[in-house]
Amino acid sequence: MEKIDWKIPLYKIYTDEEDVNLITKIIKRGNQWALGPEIEEFENEIKKYVGVDYCLALNSGTSALHAALLSHNIGNGDNVIIPSFTFIATANTVLSVNAEANFTDIEDVTYGLNPDLIKSKINKKTKAIIPVDIGGTACDILKINQIAQEEGITVIEDSAESLGTIINNKKIGSISNTSIFSFCGNKVLTTGEGGAVTTNSKEIYEKIKLIRSHGRLDNVNYFNNPEESQYFGIGYNWRMSTMTAVLGLSQLSKLDKIIKMRQDNAKFISSRLEKFNGITMPKTLENTSHIFQMFTIKLKNKEIRDKLHKFLITKKIFSKVYFSPIHKTEFYKEKYPDTDKELPITNLIASKVLTLPLYPNMTNDEKHFLVDSISEFFEENNLN
């Protein structure tokens, strides 16, 4: 596709002078761009915000999920229950530790793993479940954790998109054995790239501290330590930089404000589009909030979805299908050829969804242009 000068992009990052000032301060400091004290400060603020005992910052949500799997000793031949309706990293990390992905179907409210199907998917090799919180709300995570506890299976929650979401008065990230978040460019809290793991397990915390930094135990900042370092296992360079952590601190300080702005914009868009019977708005479970990391609507069928998608592009409005199922990608289709027939709801939902632009600082003109364009499409095609 040729480059388009979008009138409305899919997302914009919310930033202010505080972000600039804090980054500038680190640059001018002239040292500790890596392993600076702000990294631990960021971790402490996240664990307080989420309500857990431990948090570790990493360089991406993908690294965080990979490290979480390793810390729970998921490996050769282990079976991990995951959805296909998610970003491909959820599956890639499972295969990266030499485990096997056990794709399981989703439910049609939150588009998360259907807990009613999980027990039938458990076998002797099943060691973990990776439920995914899609687009800023929670999957049926309480029921999933209950099943996992009954079966003695670890839950590693992929909460990449849902930092700040609340279910039954608990923050996402505080419910499962271990949870991960992403801070890449389109997330509600963004540092460009970055991620975190939250847990109440000191054992998991200590393992990931080693895994993310070459298996090295740093009691003193490595770059300020003239003595020889000690290495206790295999690890990677999955550390977060100091400048990334500082940006995270700044963004976290205004996260609730950003969430409120997103929720207000989502309310505006929903109120203008709900008159169309052919559009299903984003839904949540009872007693669950939505932070609207994405605003994903569902159309009546694939034909209408695809037509609307193309129409919005002609209007220079960025929309995107989140998500095309992992099991339909070339690699996974070849590796797991019999999966497609086991995922009817995944296939159905993926054929109907379309993610619309939504970001904190959407202007009134942008919001009106978006809803007016969608209204024009429905009226021109007699779909209202």
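This is a predicted model: local features need pLDDT of at least 70, side-chain atom pairs count only at pLDDT 80 or more; totals for chains, interfaces and linings use all residues.
Seven nonpolar, six polar and three charged residues make up the lining of the largest cavity.

The largest cavity has a volume of about 160 Å³. Its lining counts 16 residues, and those nearest the centre are Tyr111, Pro282, Lys283, His290 and Thr296. In total, the structure holds four cavities of 30 Å³ or more.

Next comes the second largest cavity, with a volume of about 70 Å³. Residues from several parts of the numbering line this cavity, among them Leu10, Tyr11, Asn186, Arg262, Phe295, Tyr322 and Leu358. By class, the lining of the second largest cavity has seven nonpolar, three polar and one charged residues.

**Open spaces**

The largest pocket has a volume of about 590 Å³. Lining this pocket are 25 residues, and Glu40, Glu43, Lys209, Arg212 and Asp218 are the closest to its centre. Sorted by class, the lining of the largest pocket holds 11 nonpolar, five polar and nine charged residues.

The second largest pocket contains about 380 Å³ of space. Among its 24 lining residues, Phe87, Ala160, Ser182, Cys184 and Lys187 lie nearest the centre. Helix H3 (61-71), helix H4 (89-96) and strand S8 (178-182) are the elements that give two or more residues to the lining of the second largest pocket. Here H3 gives the most, with three residues. The classes in the lining of the second largest pocket are 10 nonpolar, nine polar and five charged.

**Side by side**

| Space | Volume | Lining by class |
|---|---|---|
| Largest pocket | about 590 Å³ | 11 nonpolar, five polar, nine charged |
| Second largest pocket | about 380 Å³ | 10 nonpolar, nine polar, five charged |
| Largest cavity | about 160 Å³ | seven nonpolar, six polar, three charged |
| Second largest cavity | about 70 Å³ | seven nonpolar, three polar, one charged |

Key
Residues are numbered from 1 along each chain as its sequence is written. Side-chain values use heavy atoms; hydrogens and water are left out. On a 1 Å grid over the protein atoms alone, a cavity is a set of points where a 1.4 Å probe fits but cannot get out, and a pocket is an open set with protein on both sides within 12 Å along at least five of seven lines; lining residues have an atom within 4 Å of a point. Grid points are joined across faces, edges and corners, and a volume is the space filled by probe spheres set on the points. Ala, Val, Leu, Ile, Met, Phe, Trp, Tyr, Cys and Pro count as nonpolar, Asp, Glu, Lys and Arg as charged, and the others, Gly among them, as polar. Helices (H or I, at least four residues) and strands (E, at least two) are DSSP runs, numbered from the N terminus.
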